[in-house]
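Here are my notes on this entry, as numbered points. Please read them with the coordinates open.

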Amino acid sequence: MTAVDAFPAAPAFDQPTKLVQAPGDPTRWFVLEKTGRIRVFNVGSPAAAATWLDFSARVNASGEGGLLGLAFHPDYPATREVFVSYTGNPAGSMVSRVSRVILDSVTAPVTTVEQILLTVDQPFDNHNGGDVAFGPDGYLYVGLGDGGSANDPFSHAQNDTRLLGKMLRLDVTGVAWPAPGYRVPGDNPFSGNPKCGPAANGADCPEIYASGLRNPWRWSFDAPTGDLWVGDVGQGSREEIDRIELGGNYGWSCREGFIGGPASCGTAGLIDPLSDYPHANGDNSITGGFVYRGNSLPALRGRYVFGDFGSGRIWALEDDGQGGYSNEELINTPYNISAFGLGEDGELYFADFGSGRVGRLGGSGGNADTIPTDLADTGCVAAANPTLPASGLVPYTVNAPFWSDGALKERFLAVPDGRTISRNAGGDFNFPAGSVLVKSFRLGGQLIETRLMMRHPDGVWAGYTYEWNDAQTAATRVTGGKTRQVGGQTWIYPSEGECMLCHTSVAGFSLGPELAQLNGLLTYGETGVTANQLATLDHIGLLTQSLPATLPSLADPADSSASLNDRARAWLHTNCAQCHQPNGPTPSGMDLRATAALAATNTCNAVPQAGDLGIANARLIAPGDAARSVLLARTNRRDANGMPPVGSGEIDGSGVALLTDWINSLGSCL
């Protein structure tokens, strides 16, 4: 099985959340972007992608919110209507909206009319669900998560007076707006009750089709059977696949997959998943797919294909012959798979949230994995001694190192001959295609891992890791991630997908190389000369732009001569800001870049939106009171509630102490 770039000429899309084709039209793909645009391109000329509809001004894209769902009217294009799902209220509390959009043109709409059919209050900015699709019965189905209520999830998914944590079913075609807006199908479980409002209601909600879901992020109908397949994102232990039935209760939060959940409640009447899988090797967030009915991959025909956002793995459910299913891994990809798309040709496509590319599943005849198994064959290390960099690689270091479970690191970069490194307004470096960043890790002096971040010729970034043998004479590529005991601790080799969870597009992918990190001295081993790194890169002609007159610089968190504030903000910048900044991939509105004023970080005296960890009167950062600060508490643990969520098994004790002192020193949010 292969996963290839389906449209190499297409531009990179901005955090794609869904792929869909219009009924009966195989010529165009519609790509939803988290921040609010629906982009469209013709398969014959993908480079000419255009904005089809733009909801950016209405969308609240913080956390897991954004533009999340699109469904075409069953009679489209004769009926020029589409139905969209997004989280709204950009400047206020988050709500989920489902709207009918009437188009003046299906080719390139100019004038549209939005009719909001349903509004649901979101108590937090995660577990929003948001997918919409028409079922074979002609009704519109809406999947909603439990609202991210980590403290009391039972009150939502298992409370039928709330719409959260449910699959809804609405009759919307040919229904007048604003009254009644939508009708309730007569066989919905609570169809005789009054329609539900945005929050709590007096009676069970008639819109409900099924309940007990945590976060049905992506789901689909199998056209020949009418079956509704859901990938329901788990909490800290299991991811699950459900086949949804009318009136079914799928267990959350009494159950998580086949195991017990956080709520204390009985299991009578709950429907088990068809299959589940544990959190391991980067698997942590299921992306539901489709039952494959195409022709190119006959071995998959009739099987449900799905993936994991965290690890990039793609599986197919296989009948185990005993009335159940087993997961057969098809391929381990380096992608953060946010959505699958079923083409009108019957083939399976997928979106990579990190790179913004649209991929396609193919057979064994596709593009082979060309990344060498042996580090010595990559060209990144010296042929005679692979522990040394290849000739031409440029060493660099950073002012504020990322915590890597106590390892010391050596860093090098390589840029193709004749190419230069540009930078954006924030100072992040933008490396040209063909560039490689090399980072080696040592624990107790032992070389244990070397990681490569490569920007491939097509412009796509990907991460690869190599494990050194005990003799430190050779390093072998690790695919899919693994763990190893080194010096009394568990060392984590990340999967390709896990690499891209941290190397985000919003942070420029390369992370370490930026003005504020490289504005410092380095002694260059080949010459013995100590010089400023930025001046050196400029001197050897690697920088596209001239250096600004005033250069920013991050403090070293371990440098006691620097101010406590600068050290703490540098630690947060390095360890957290790659995800926690505007338009980042996390369920949070935090901005932990060092350049953001404390009040603008959205942390100071802010009520936590993803659980308080049992801390009384908790705040993300409680000025003067580290004990009430959830941000600190998450850095001081390595469980499902810890930060970072992947790649680390050891707590940074010095970092925790630094943040504790800093928070206790704060007198206000100014």
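1. How many bridges join strand E35 to E36, and do they run parallel or antiparallel? Five bridges join the two strands, and the run is antiparallel. E35 covers residues 482–486, and E36 covers residues 489–493. Bear in mind throughout that this is a predicted model.

2. The E35 and E36 pair forms a hairpin, with two residues between the strands. Gly487 sits in that turn and has a positive phi of about 55°. Lys482 has Tyr493 of E36 as its bridge partner. E36 is mostly covered, with four of its five residues buried.

3. Look next at Thr333. This residue lies in the loop between strand E23 (325–332) and strand E24 (337–342). Its relative accessibility is 1%, so Thr333 counts as buried; the cut-off for buried is under 20%. Leaving out residues up to four places away in sequence, Thr333 touches Ala3, Ser311, Gly312, Ile314, Glu496 and Gly497.

4. Thr333 and Ser495 are 162 residues apart in sequence. Their C-alpha atoms are 8.8 Å apart in space.

5. A separate item is the open sheet of four strands, in the order E10-E11-E12-E13. Its pairing is antiparallel. Strand E10 (132–134) and strand E13 (208–211) are the edge strands, each pairing on one side only. On average, neighbouring strands of this sheet are turned by 20° against each other, direction ignored.

6. Within that sheet, strand E12 (residues 166–170) is joined to E13 by three bridges, and the two run antiparallel. Lys166 has Ser211 in E13 as its bridge partner. As background, strands of a sheet pair through backbone hydrogen bonds, either parallel or antiparallel.

7. The largest nonpolar core has 22 residues. Those with the most contacts inside it are Leu572, Leu592, Leu631, Leu659 and Trp662. Helix H5 (564–576), helix H6 (630–635) and helix H7 (653–665) are the elements that give two or more residues to this core. H7 gives the most, with five residues.

8. Leu631 deserves a look of its own. Not counting residues up to four places away in sequence, Leu631 touches Leu572, Met590, Leu592, Thr603, Leu620, Ile621 and Leu659. Apart from this core lies another, of 21 residues, among them Ile38, Leu53, Val84 and Val106.

9. H7 passes a simple length check. At 1.5 Å a residue, its 13 residues should span 18 Å, and its end C-alpha atoms are 18 Å apart, which agrees. The buried residues in H7 are Gly655, Val656, Leu658, Leu659, Trp662 and Ile663. Seen down the helix axis, the buried residues of H7 fall within an arc of 160°, so they line one face. What covers them includes H5 and H6.

10. H5 can be checked likewise. H5 has 13 residues and reaches 18 Å from its first C-alpha to its last, close to the 18 Å expected at 1.5 Å a residue. Because 10 of its 13 residues are buried, H5 is largely enclosed by the rest of the structure. Among the buried residues are Arg567, Arg569, Trp571, Leu572, His573 and Cys576. The buried residues of H5 pack against helix H3 (515–518), H6 and H7.

How values were computed
Residues numbered from 1 in each chain as written. Predicted model: local features only at pLDDT ≥ 70, side-chain atom pairs only at ≥ 80, totals over all residues. Heavy atoms only, no water. Core = buried A, V, L, I, M, F, W, Y, C linked by side-chain atoms within 4.5 Å. Buried < 20%, exposed > 50% of the residue type's maximum accessible area, 1.4 Å probe, protein only. Contact = heavy atoms within 4.5 Å. Pairing = 2+ DSSP bridges. Axes fitted to C-alpha atoms, helices over the stretch in contact; angles between N-to-C directions. Expected span 1.5 Å × (residues − 1). Arc of directions from axis to C-beta.
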